[in-house]
Amino acid sequence: MHDIEVLLEKEVVSVDVKTHTVTFRDGFKMEYRKLFIATGSRPKPLSYKGKDVGNVFHLRTPEDANSIVTLASSKNAVIIGTSFIGMEVAAALTDKAHSVSVIGIEAVPFRKALGEKVGKALMKLFEANRVKFYMLNEVWEMRGHNGQLKEVVLKSGKVLRADVCVIGIGSSPATAFLKQSGVHIDSKGFIPVNKTMQTNIDGVFAGGDVVTFPLALRSNKKVNIPHWQMAHVHGRLAALGIMGKASDIKTVPYFWTAMFGKSIRYAGYGDGFDDVVIQGDLDELKFVAFYTKSEEVVAVASMNYDPIVSRVAEVFGSGKTIRKRDVETGDMSWLIVKGSQ
């Protein structure tokens, strides 16, 4: 109806910006006038003994999700990684699996994203739901029986019973195919784009997990934010740019996660925060956490404290700076009262 052709099971192996062509793995070539790259990310691999053992997953597809749930049902599940993917999978399996064990290299889950205090409070919530943590630990070996996983051995020597294992230790951008293309890639493999989502090559745009883009609320610092909401914005802006109606990226990053029927909302860009100001009660899981860098609030997270994150996002979006001293007082009226813009 919209004259969109979708080519499935096709993988692009190279892009030639001089001849405006993309080449597929099967040798098929296609010319373009404008190009949009949104190849997303690949899971970071984990090195361990026993690579040939089955029932070890990276969660990538609906089929993976269905297999994990089936294999974990009344069985022992082991999750490697304590950021969003790992913790969400652990939470989802607690009412299905016989046991859920989580392995992390940090002392508390979510530490890099949400900080030590919030991480500890969430760890207690998981422990209250029968999740066992093996922190400051790494995997040494996957042991199987008849090719199927039976045990996960930690470097500490601890042996965990396991019928299914999910690895969620992070991801890296899927950009290797662009290496010789002329499209600029930074040292971490990300594609830098400008505020209209265009790469260094005229007519070649990129968006989603693969890019670093200028974030208005951090003085146009180039950042990578691999979230659903940002990918939506990127796609829309790139489409406008392709149609010659270029528009700037001004959106405030906003995401959420839900575990055990409780939702965490998050707004801003907290990377590199040096302090966290907590208001409310962490033990009651009714709190708001302000992430600060020097004297400025750069991000906010909350649980059972709506609509505060949305209000902070509005303030960020208006271009105003929120100072650390503004949130240390405990007086939230300036945020909660409407009409304070």
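The core has 42 residues, and among them L114 and Y291 touch the most other members. Helix 3 (residues 111-128) gives the largest share of this core, 7 residues. Another core lies apart from it, with 29 residues that include F177, V193, V223 and I225.

Before we go on, a word about what you are looking at. This is a predicted model, in which local features need pLDDT of at least 70 and side-chain atom pairs count only at pLDDT 80 or more, while totals for chains, interfaces and linings use all residues. Residues are numbered from 1 along each chain as its sequence is written, and side-chain values use heavy atoms, with hydrogens and water left out.

Back to L114. Which residues is L114 in contact with, leaving aside its neighbours within four places in sequence? They are F84, L122, I264, Y266, F273, Y291 and A301, where contact means heavy atoms within 4.5 Å.

Now follow helix 3 itself. Helices (H or I, at least four residues) and strands (E, at least two) are DSSP runs, numbered from the N terminus. The buried residues of helix 3 are L114, G115, V118, G119, A121, L122, M123, L125 and F126. A straight helix of 18 residues would span 26 Å at 1.5 Å a residue, yet helix 3 spans only 19 Å between its end C-alpha atoms. The expected span is 1.5 Å times one less than the number of residues. Helix 3 also bends by about 80° at K117; the bend is the angle between axes fitted to the seven residues ending there and the seven starting there. Just after the helix, R130 takes a positive phi of about 70°.

Next, turn to the strands at the start of the chain. Two strands pair if DSSP finds at least two bridges between them. Strand 1 (residues 12-16) and strand 2 run antiparallel and are joined by 4 bridges, with S14 having T23 as its bridge partner in strand 2. This hairpin has 4 residues between the strands, and H20 takes a positive phi near 55°. Strand 2 then pairs with strand 3 (residues 29-31), again in the antiparallel sense, over 3 bridges. Here V22 stands opposite M30. The hairpin of strands 2 and 3 has 4 residues between them, and G27 in the turn has a positive phi of about 95°.

Look along strand 2 (residues 21-24) and you will see T21 and T23 pointing one way and V22 and F24 the other way, and all are buried. T21 has 12% relative accessibility, so it counts as buried. The side chain of T21 makes a polar contact with the side chain of T19 (2.9 Å). A polar contact is a pair of N or O atoms within 3.5 Å; within protein, one must be able to donate a hydrogen and the other to accept it, and residues adjacent in sequence count only if both atoms are side-chain atoms. Not counting residues up to four places away in sequence, T21 touches S14, V15, D16, M30, E31 and Y32.

Strand 13 (residues 164-167) is covered on both faces: V164 and V166 on one side and C165 and I167 on the other are all buried. Strand 13 runs parallel to strand 6 (residues 56-57), joined by 2 bridges, and parallel to strand 7 (residues 76-80), joined by 4 bridges. C165 is the bridge partner of V56, and V78 also stands opposite C165.

An open sheet of 3 strands has the order 15-17-18, with mixed pairing. Why is one side of strand 15 and of strand 18 left without a neighbour in the sheet? Strand 15 (191-192) and strand 18 (221-223) stand at the edges, each with a single partner strand, so one side of each has no neighbour there.

Finally, some backbone details. A cis peptide bond, with omega about 5°, joins D306 and P307. E9 has a positive phi near 55° and, at 85% relative accessibility, counts as exposed. F260, with a positive phi of about 55°, is partly exposed, with a relative accessible area of 23%.

Technical notes:
Core = buried A, V, L, I, M, F, W, Y, C linked by side-chain atoms within 4.5 Å. Buried < 20%, exposed > 50% of the residue type's maximum accessible area, 1.4 Å probe, protein only.
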